[in-house]
Amino acid sequence: MAARHPAPRGIPWPIVQALAAAAVVALFVVVGPRVGRQSGRPAPRGFEATAPATKSPPGQTPEGMVWIPGGEFSMGCDDPRGKPFGGREPMPDARPVHRVQVDGFWIDSTEVTNDQFAAFVAATGYVTVAETPPRAEDFPSAPAENLVAGSIVFTPPEGPVSLDNHYQWWAYVPGANWRHPTGPDSSIEGLGTRPVVQIAYDDAVAFASWAGKRLPTEAEWEFAARGGLSGATYPWGDDFQPEGRQMANTWQGPFPGDNTSEDGFVFASPVASFPANGYGLHDMSGNVWEWCADWYRPDTYARDARKPDQPSKNPRGPDTSHDPQEPGQAKRVLRGGSFLCTDQYCSRYIVGTRGKGEVSSGANHIGFRCVRSPE
Ligand SMILES: [Ca+2]
Ligand SMILES: [Ca+2]
């Protein structure tokens, strides 16, 4: 199964390419439909109205979480190209738009923070993937000196570059991990309310298990992110910047070299720095990518839409992953985009779009949030 990405920039790439590529592709993943509308109002083509269940919370809501009633909704996105902030990608892996039912659940109102992750590590002694040196047996051709613990860091070049090679702005940095998000000289001191990053899939699962929670399915994540709206492009509606207001932490300015940070943040922002959606959830678009439990395949929706039982009930994704762009790499779904998303390169702040990440690859824009089902 797939590997991590060990070699730093400038070092031979045998390892790095597999590694970095996975994370990078993931790095920019997600999106969906179009104009904002309330439940009951006409939805865009391919979308039908969200029908939330009326069931009230079957117990006390855990601290920091929000009850999502579940119900039936249209999942996916139409081609966002040509829309304002729609970006350049047709997002075929998020079609067909199809009806899905999910049961009710609780979800964290924010991404998991550094403080929360630190409490987990203090209680358990857990060591993350990025803090663990890659094993020689996983990288038999790699020189021993390259088998050093680290992770992938956004390292923008000086000046404009072609956007067809993400290696130009991603580097494997020894010593980068959740405590040192951009490398050994960086720190999370004083950043306790920022989302934890440099989190591999197993790290997120370990935290969730400790907290008595789990990672959301992709369907749960999207139902929650839509906040009760039907077929809206973003978690808050169809206008990316209503009345000029920044609604999510994304990228402004020429990518990847000049982040003008008109939204106030170059890197991750403290959680809940931007408005909540209709369910009271913050940063479902942007800030950091969020791991979901499902394996990634580009044809997941097509397969679900062909099943005899419709709508699809509590889908959990395919049994295995497959990404034709990087066959052989095991990838899980990532959703929501990050502070690096821009319509110049990756518009996956669009709520119905999908992302993907190699499971052992963290990066300084990948985090997560958790859910809990009723007993
Ligand atoms: Ca920003
Ligand atoms: Ca997010």
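What share of the contacts in the protein chain with a separation of 6 or more comes from residues 24 or more positions apart? The share is 76%. Two residues are in contact if their C-beta atoms, placed from the backbone, lie within 7 Å.

## Model and conventions

This is a predicted model, in which local features need pLDDT of at least 70, side-chain atom pairs count only at pLDDT 80 or more, and totals for chains, interfaces and linings use all residues. Residues are numbered from 1 along each chain as its sequence is written, while chains are lettered from A and ligands numbered from 1 in the order in which they are written.

## Overall make-up

The protein chain has 5 helices and 13 strands. Helices (H or I, at least four residues) and strands (E, at least two) are DSSP runs, numbered from the N terminus. Of the 375 residues in the protein chain, 53% are buried. A residue is buried if 20 or more other C-beta atoms lie within 10 Å of its own, exposed if 12 or fewer, and partly exposed in between; C-beta atoms are placed from the backbone.

## Strand pairing

Strands E2, E5 and E13 form an open sheet of 3 strands, in the order E2-E5-E13 and with antiparallel pairing. Strand E2 (65–68) and strand E13 (371–372) stand at the edges; each has a single partner strand, so one side of each lacks a neighbour in the sheet. Two strands pair if DSSP finds at least two bridges between them. E2 and strand E5 (residues 105–108) run antiparallel and are joined by 4 bridges. Here Trp67 stands opposite Trp106 in E5. Strands of a sheet pair through backbone hydrogen bonds, either parallel or antiparallel.

Strand E3 has pairings of its own. It is joined to strand E1 (residues 51–52) by 2 bridges, and the two run antiparallel. Pro52 stands opposite Gly71 in E3. E3 is also joined to E4, by 5 bridges and again antiparallel. Glu72 has Gln101 in E4 as its bridge partner.

Gly212 follows H3, with a positive phi near 75°.

H4 is mostly covered, with 9 of its 9 residues buried. Among them are Glu218, Glu220, Glu222 and Arg226, as well as Trp221 and Phe223. Gly227 follows H4; its phi is positive, near 60°.

## Nonpolar core

The largest nonpolar core has 82 residues. A nonpolar core is a set of buried Ala, Val, Leu, Ile, Met, Phe, Trp, Tyr and Cys residues joined through C-beta atoms within 7 Å. The residues with the most contacts inside this core are Ile107, Ile199, Ala204, Leu215 and Ala224. Leaving aside neighbours within four places in sequence, Ala204 is in contact with Ile199, Leu215, Trp291 and Phe368. In soluble globular proteins, nonpolar side chains tend to be buried together.

## Loops and backbone exceptions

One runs from Arg95 to Pro96, with omega near 0°. Pro96 is in the loop between strand E3 (71–75) and strand E4 (98–102). The other joins Gln310 and Pro311, where omega is about -5°. Pro311 is in the loop between helix H5 (300–306) and strand E9 (312–313).

Phe85 is not a glycine, yet its phi is positive, about 65°. It is in the loop between E3 and E4. Phe85 is partly exposed, with 18 other C-beta atoms within 10 Å. Ser261 also has a positive phi, near 45°. Its place is in the loop between helix H4 (218–226) and strand E8 (289–295). Ser261 has 15 C-beta neighbours inside 10 Å, so it counts as partly exposed.

## A buried loop residue

Thr342 is in the loop between strand E10 (331–335) and strand E11 (355–358). It has 22 C-beta neighbours inside 10 Å and so counts as buried. Leaving aside neighbours within four places in sequence, Thr342 is in contact with Thr250, Trp251 and Phe255. Gly253 is 89 residues from Thr342 along the chain, but their C-alpha atoms are separated by 8.6 Å.
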